[in-house]
Amino acid sequence: MIHEFKKRWVSFGIGLIWLFVILWPLLGIKPEGLEFGTTFALWGKLAVAALCIMIVYELNVRGVFDGAKKAGSAITGSTRKAYAAIPQWLLLLILLALALVFPSMTGRYGHDVACNVLIYVCLGLGLNIVVGLAGLLDLGYIAFYGVGAYTYALLSIHYQLSFWMSLPIAGCLAAIAGCIIGYPTLRMRGDYLAIVTLGFGEIVRLILNNWMELTNGPNGLSGIKRPGVYWLDMTNGWTLEHFWVKKVWMYYYVILFIAICTIIAVYRLNYSRIGRAWEAIREDETAAELMGVNTFLLKLLAYASGAVFAGFAGAFFASRMRFVSPESFTFLESAMVLAMVVLGGMGSIPGVILGALALIALPEVFREFDLYRMLVFGGVMTVMMLVRPKGLWPAKRVGRRSEEMD
Amino acid sequence: MDYFLQQLVNGITLGGVYALIALGYTMVYGIIQLINFAHGEFFAAGGYMGVIIISYLSAQGMSPVLCIALGLGLTMGYCALLAMAVEKVAYKPLRSSSRLSVLLSALGMSIFLQNGLMLTQGVYDKAYPTEMTAGGFHFGNVVVSYMQIYIVLITAALLICLNLLVFKTRIGKAMRATAQDKVMSALVGINSNKIISLTFAIGAGLAAAAGIMVGFYYGSVNYSMGFVPGIKAFAAAVLGGIGNITGAMVGGLIIGMVEIFAAGYLSSEYKDVFAFIILIAVLYFRPTGIMGENVDDTRV
């Protein structure tokens, strides 16, 4: 006990010294001379914050919070019991109703954020098939999103094709892109796959950036049409009226529709024969092959079906922004989507949705601290992984990969 | 012909820089099977630290050569400390969890460090005192700047030192043993945590040296400069066979050459595309890289 205590505080002290050593050269060395003031001010603040955390932790270890914790666990226990008593369809119905009435509760800004979250839910679920189910690390996933977005943009600008007509085409083209990327890479093992998919993602972005005739390069494409919707018009009898989606809340319903379709599709896939085969490949490829799973075909299928959802999301993105440029399809976006999948819990659908919510909505909360937003984001990502390496809502059906067994 | 030779010189210079960064990737990967996304940030931090220290020293009236030498040494030390801190905080607690969570932790660290650099150093490019190394030799129409010579010499010296360290010393032997089999090497008394920490430090030190040289070569550094060279250097490490130190050097040279020659003869917009296509082609026909990989096979 006392030994543990000493060890903790000694490493705390060492950590603070390291922090100072790392911070000071960045802040304190100027061509005019050395100075310590700014460094000490910043370091002091950080040290006080760290000290507070340490004290809380120390009290926690000493059992000061035991009473509160007991009460807390009693409450969570009873809520969990209550939660388990409610049938699942009712919960889903409540969630759906909340999603449907959401636009009436918030303003334009809220709708905007919600649209973004739902786009990333689609992307996350698509990548979840590749990474979470089939266990293939894909770092260039955003390329399919780009393919979808550019497909709709070009079809809309050159052929005046409507959004709903283009949606399947965008999905198909993204799937073809998935197969093209998948075919040469699937022979490779884990991390080679990662770098090659990363390379492919960069190639797609560079092509979008440099093929001036087709994509207008870094300037991007503008003048993309909005989606049109038929709606019951009851002012003069029962007629279907066609109108263009203009307001953000209308876009919200369009993407909500796409997202719900995606969720249902991924759910069905997950619990189908194909989904089980993917999970078998993830757990142990050799064993899966021995059991008669056609691993190559199924891995290709995982790539293609993951890409389809990204293609849909991309087409929606293009129609909402009414402008696409290669800037939107950088590696950072791929990393964000991957972060959602891993943060939420690989292979778990509610987890991925939660991950998308956390990674898109939370930074919006910190919008005011715009400068520190990404710094905090990166830090939180690391801390989350340290605290919950399995994700926020881990999937139920996950074994240990054979590679990770020592 | 002159054009070809000029491109060759440029390619070797760039390749040397990539090789230095790639070594960090390959050593870390070889030892803990982690794609260290934060490695590019050590490179960027090196670039910044270099300009900070060198401009401070030269303001104190030191001679340029001493400035650069001292700046190089201090910067490498600084980045080694930074890498050890990052390893301790972000990777060590995750040693036994899945590889993807460590990868994400690395990604988070990369974003964190990049933005930390931006907040402390500003969003604008920082200029290097390039007049220190201005000038060069002329062989006919081929120009070899002093900086290119410095880069090649320093790179070669660092690579030789690294080779000596890894293949001739006890520490190097311990590193190789840990990379081959962590459990067995721990059984024979090697402190694998220390070795891993040391590997991070060495890799980051090399990346920092690369950062300074890129700063002098291109004249400025930027907080986001770590990302693209980082990816290409990782590609170089994979190309040479990951975990293989000689492979990383060869891979770095190849990627640098391909990039320069593709830019010179084919199309400068698509130079990165060619680098990646070469990578994919090589991996398609030789899935373990040119020189063969060297990682702990007990885990696979």
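**Figure 1. Overall dimensions and division of chain A.** Chain A of this predicted model contains 16 helices and six strands, and its C-alpha trace extends over about 75 × 60 × 55 Å along the principal axes. The chain is divided into domain 1, covering residues 2–69, and domain 2, covering residues 94–404, and the centres of these two domains of chain A, taken over C-alpha atoms, lie 40 Å apart. Of the 406 residues of chain A, 46% count as buried. Where contacts in chain A join residues at least 6 apart in sequence, 72% of them link residues at least 24 apart.

**Figure 2. The interface between chain B and chain A.** Chain B contributes 60 residues to the contact and chain A contributes 57 residues. Together the two chains bury about 5,300 Å², and 77% of this area is on carbon and sulfur atoms. On the side of chain B that touches chain A, the elements giving two or more residues are helix 2 (39–59), helix 3 (64–91), helix 4 (99–121), helix 9 (227–240) and helix 11 (271–285) of chain B. Helix 4 of chain B supplies the largest share of that side, with 18 residues. Sorted by class, the side of chain B that touches chain A comprises 43 nonpolar, twelve polar and five charged residues.

**Figure 3. B:Ser101 and its contacts in both chains.** B:Ser101 belongs to helix 4 of chain B, the helix that gives the largest share of the side of chain B that touches chain A. When residues up to four places away in sequence are not counted, B:Ser101 touches A:Val342, A:Met385 and A:Pro389 from chain A, together with B:Leu94 from chain B. The relative accessibility of B:Ser101 is 1%, and the residue therefore counts as buried, the limit for this class being under 20% relative accessible area.

Figure 4. A:Thr197 is part of helix 8 of chain A, which covers residues 190–210. Because its relative accessibility is 2%, A:Thr197 counts as buried. The side chain of A:Thr197 reaches the backbone nitrogen of A:Leu139 at a distance of 3.1 Å. With neighbours within four places in sequence left aside, A:Thr197 is in contact with A:Leu137, A:Asp138, A:Leu139 and A:Gly140, and also with A:Tyr303.

**Figure 5. A:Ala47 in helix 2, within domain 1 of chain A.** A:Ala47 lies in helix 2 of chain A, formed by residues 37–62, and domain 1 of this chain covers residues 2–69. With a relative accessible area of 12%, A:Ala47 is buried. Apart from neighbours within four places in sequence, the residues in contact with A:Ala47 are A:Phe12 and A:Leu16. A:Gly13 is 34 residues away from A:Ala47 in sequence, and the C-alpha atoms of these two residues are 9.6 Å apart in space.

**Figure 6. A:Glu283 in helix 11.** A:Glu283 is located in helix 11 of chain A, which runs over residues 273–283. The side chain of A:Glu283 makes a polar contact at 2.8 Å with the side chain of A:Arg282. Although A:Glu283 and A:Leu133 are 150 residues apart along the chain, a distance of 9.4 Å separates their C-alpha atoms.

**Figure 7. Positive phi values at two loop residues of chain A.** A:Gln160 is placed in the loop between helix 6 (142–159) and helix 7 (163–185) of chain A, and its phi is near 55°, a positive value in a residue other than glycine. A:Asn216 is found in the loop that joins helix 9 (212–215) and strand 3 (221–222) of chain A, and the phi of A:Asn216 is near 60°, again a positive value in a residue other than glycine. Because its relative accessibility is 31%, A:Asn216 counts as partly exposed.

Conventions: Residues are numbered from 1 along each chain as its sequence is written. Chains are lettered from A and ligands numbered from 1 in the order in which they are written. This is a predicted model: local features need pLDDT of at least 70, side-chain atom pairs count only at pLDDT 80 or more; totals for chains, interfaces and linings use all residues. Side-chain values use heavy atoms; hydrogens and water are left out. Contact means heavy atoms within 4.5 Å. Buried area is the accessible area (1.4 Å probe) that two parts lose on being put together, summed over both. Helices (H or I, at least four residues) and strands (E, at least two) are DSSP runs, numbered from the N terminus. Ala, Val, Leu, Ile, Met, Phe, Trp, Tyr, Cys and Pro count as nonpolar, Asp, Glu, Lys and Arg as charged, and the others, Gly among them, as polar. Domain bounds come from an automatic or database domain assignment. Buried means under 20% relative accessible area, exposed over 50%, partly exposed in between (1.4 Å probe, protein chains only). A polar contact is a pair of N or O atoms within 3.5 Å; within protein, one must be able to donate a hydrogen and the other to accept it, and residues adjacent in sequence count only if both atoms are side-chain atoms.
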